[in-house]
Structure formats: C-alpha cells, structure tokens
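Biologist: I would like to go through this model feature by feature. Please give the general idea each time, then the case here.

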Amino acid sequence: MNLITEILIASWDLLLDASFYILLGLLVSGLLRVYLTPGAVSRHLGKGRFLPVFKASILGIPIPLCSCGVLPAATALKRQGANNGAVTSFLISTPESGVDSIAITYALLDPIMTVVRPVAAFITAFTAGVAENLFGNAEATRHPVAPDLSCPVDGCCDGQNCDPSVHRRHHSFFEKLRAGVRFAFTDVWGDLAVWFLVGIGLSGLITTLIPESFFGRYMGGGIGAMAIMLAVGIPIYICATASTPIAAALILQGVSPGAALVFLMTGPATNITSLTVLVGILGKRATAIYLSTIALCAMGLGLAVDWIYGVFGISAQAVVGKTTEAMPYAVELVCALFLLFLSISPVRRILSGAFQRLRRKRVSTHKDPDPLVAPSHCAEDT
C-alpha cells in the first residue's frame, strides 16, 4: 500500500508541474485550429523538392497531433497534391513537436531541451523530406479529392462557394476564441488525455521503483544507451506530450539528455500502427527512408545534445523541472484539478469502450454451443 501511495505522490508532483503549461499549450492549439486551417497549409505544399519540404517542416511543428492523429491530415495533404517529401516532413515534425509538448518540455525539463526539441524535429523532418524527394519513388499516386476548406468555427460554409474576404467577417474574435477553446478542451485533449495520464503514471512508477543509480550505471549515455532508447521508442505508441514526463523521470534517474532526446524523437513519430499505414500512403521505399532518417538523426542529435551539456558543464539532473519553481502552488493546484476534470470524459469513454469489448468477448466465449451442431464439428475434426 505504501508503494502505491509513493507512486501516486510522485505522479501527482509531475502533474502539478505540468498542468499550467499543458493548459497554455491547449489554448494555443485551439487558436491554431481557428486561424491555421488545413486548406491554408495545403496550398503551400505543392511542387518543388526543397521549398514545400521546408514549409511543411515549419508548419508541422506547432500543430498538436500524435503519430496516429497526424495520419488523416497527412493523407488529406497527399490527396490535395502535396508531394511525398512534403508529406514525409509533415508526418515527422507534427508528432515530434507541438505547442502543448513544447510547453510541457519547458515545465518538466529545461530551457535547453525546450529549444532543442522543435529544432531537432525540424532538422529531422527537413532531412527526411528532401531525401524522399531526391531518392524516393517519383511516381507517387494522386487522388483528386477537394481540400477541406470548411469553416473551422461552426461549418457555416464549405470555403469554396463563398468569398474568403466576406467569410472572414462571418465571426467575431470572441466567436473564434470560443470555438478554438472548445476544440482544444474537447477534441485535442480528448486525444491526449489518456496517453498523458499513462505517461504521468509511468514516470511516477519509474521514479519510485527504479534506484537512481540503475540508469546512470547501465544506461547513462553514449551510443549504447541511445540504441536502447531507439529500440524502445520506435515500436511503441506515445504522443509527444505523454513522452515528456517519462523522459524527465529517465533523466532524473541518470539517463543522459541526449539519450532522452532519442526517446522524445522516436516515440512520438513512430509506432507499429503508423508505420503500417505509411506503407499504404507513401509506399515501402518512402517508409524506409522515413524510418531510417528518424533513427540516424535521433542518434546524431542525441550525441550533439550530450556534447552541448558537456561543453557548458550543465547537469541535466540539476535543472530538470526547475523552471516551474516560480509558479505558485495554488495556481498549479487549480490547473491540475481542472486538467483532471477535463480528463473525466475521455477516460470514461475509453474505459466504457474497453468494458463493452470485454463483455462482448465473454458472451461469445461462454455461449453454449448448439448440441445438434457440435457433434458434426467433432466428426469433421476427426
């Protein structure tokens, strides 16, 4: 019982540190939804080997989508005429970063990692996109599907049969703000809540159960530690926001910031499910370029980050989470409770769906077989 209490206390402390910055990131993501529409993004990702890749890498950084959530958006860009390089770069920079994950990185890690993380996402995305346009399959299939230009506030028009200059005056600033906040606190947090809480719980588990000397002794830094982080991060599903508290716990336990960065880059950008879908969207060659570029860039940037900390003599363990110390406890408490309140609906939805699937499975398993049919099956088996 004491062990469970210690895990909960460690997880609660991390939640207090992160809650204010999570809410701030959610608000920014809602504004991006209202003012940065998919149609506006897709118009910049047309022909060209370098400029569309550059734009996609930049535009993907602030958008808060996970590795599975970004797949529909990337599919739409592909069908709207974006080349494979631009789609590849968007698929990498979007899940590896985001305004929410940048905010929580500042809260739980340190200013260096806060800057390094989006920069690393851009470098990886741009490198992979250019590599795909130069060495990938030039015969990319295109699907003539119209872009989604509908109004992001209330869907009052489809964005095609109305004058954009007129539509801009359809809604006031407060209407747009309300729509953005509603989108952030329902859609965005609905996708992130469960995974974020799981990440908080795992970080509390790591902090409590694993001795501080373990990771420092067996997996501190260097190529070996980064290779382990690479092997762990590629197949699992975890969003950029949820991966941050786990990375903070690993650093506090002795893992180098470079090895933690490898996990932060590979975990959100790759998983078995997304890689399978990518084969259908971009093809096998493009998926291979996508995965190999992420792995190589993660290892290289991880070594560079460890070198930066070493040159300036900075101990990552000593500065992790220090940026939140100036935040009043009352503010942290209110934000944490509000975040938990927002999480009730998505958690209940996930648990309800899991319970229904389990119940259907039990009913089908324990259903009595027809006595007239069962002997025939036995006869066939024999």
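Modeller: Let us begin with the cysteines. A disulfide is a pair of cysteine sulfur atoms within 2.5 Å, and the structure holds 0 disulfides. This is a predicted model, in which local features need pLDDT of at least 70 and side-chain atom pairs count only at pLDDT 80 or more, while totals for chains, interfaces and linings use all residues. Residues are numbered from 1 along each chain as its sequence is written, and side-chain values use heavy atoms, with hydrogens and water left out.

Biologist: Is Cys297 buried or exposed?

Modeller: Buried means under 20% relative accessible area, exposed means over 50%, and partly exposed lies in between (1.4 Å probe, protein chains only). Cys297 has a relative accessible area of 14%, so it is buried. Cys335 is buried as well, at 11% relative accessibility. Across the chain of 382 residues, buried residues make up 46%.

Biologist: How many helices and strands are in the chain?

Modeller: Helices (H or I, at least four residues) and strands (E, at least two) are DSSP runs, numbered from the N terminus. The chain has 18 helices and 0 strands.

Biologist: What share of the contacts joins residues 24 or more positions apart?

Modeller: Contact means heavy atoms within 4.5 Å. Of the contacts in the chain with a separation of 6 or more, 85% are between residues 24 or more positions apart. Leu333, in helix α17 (residues 329-366), gives a case: leaving aside its neighbours within four places in sequence, Leu333 is in contact with Trp12 and Leu16. The C-alpha atoms of Leu333 and Ser19 are separated by 8.4 Å, though these residues are 314 residues apart along the chain. Leu333 itself is partly exposed, at 27% relative accessibility.

Biologist: At what angle do α6 and α12 cross?

Modeller: Axes are lines fitted to C-alpha atoms, for helices over the stretch in contact, and angles run from 0 to 180 degrees between N-to-C directions. Angles under 35 degrees count as roughly parallel, over 145 as roughly antiparallel, 65 to 115 as roughly perpendicular and the rest as oblique. Helix α6 (residues 99-108) and helix α12 (residues 240-252) cross at roughly 15 degrees, with axes that come within 9 Å. That makes α6 roughly parallel to α12. On the α6 side the contact is made by Asp100, Ser101, Ile104, Thr105 and Leu108, and on the α12 side by Ala240, Thr241, Thr244, Pro245 and Ala248.

Biologist: How does α6 pack with α7?

Modeller: The axes of α6 and helix α7 (residues 111-135) are 7 Å apart, at an angle of about 155 degrees. The two helices are therefore roughly antiparallel to each other. Here Ser101, Ile102, Thr105 and Tyr106 in α6 meet Pro111, Met113, Thr114, Arg117 and Pro118 in α7.

Biologist: How many residues of α6 are buried?

Modeller: In α6, 8 of the 10 residues are buried, so this helix is largely enclosed by the rest of the structure.

Biologist: Which residues make the contact of α3 with α5?

Modeller: The axes of helix α3 (residues 51-60) and helix α5 (residues 84-96) come within 8 Å and cross at roughly 20 degrees, and the pair is therefore roughly parallel. Pro52, Val53, Ala56, Ser57 and Gly60 of α3 make the contact with Gly85, Ala86, Ser89, Phe90, Ser93 and Thr94 of α5.
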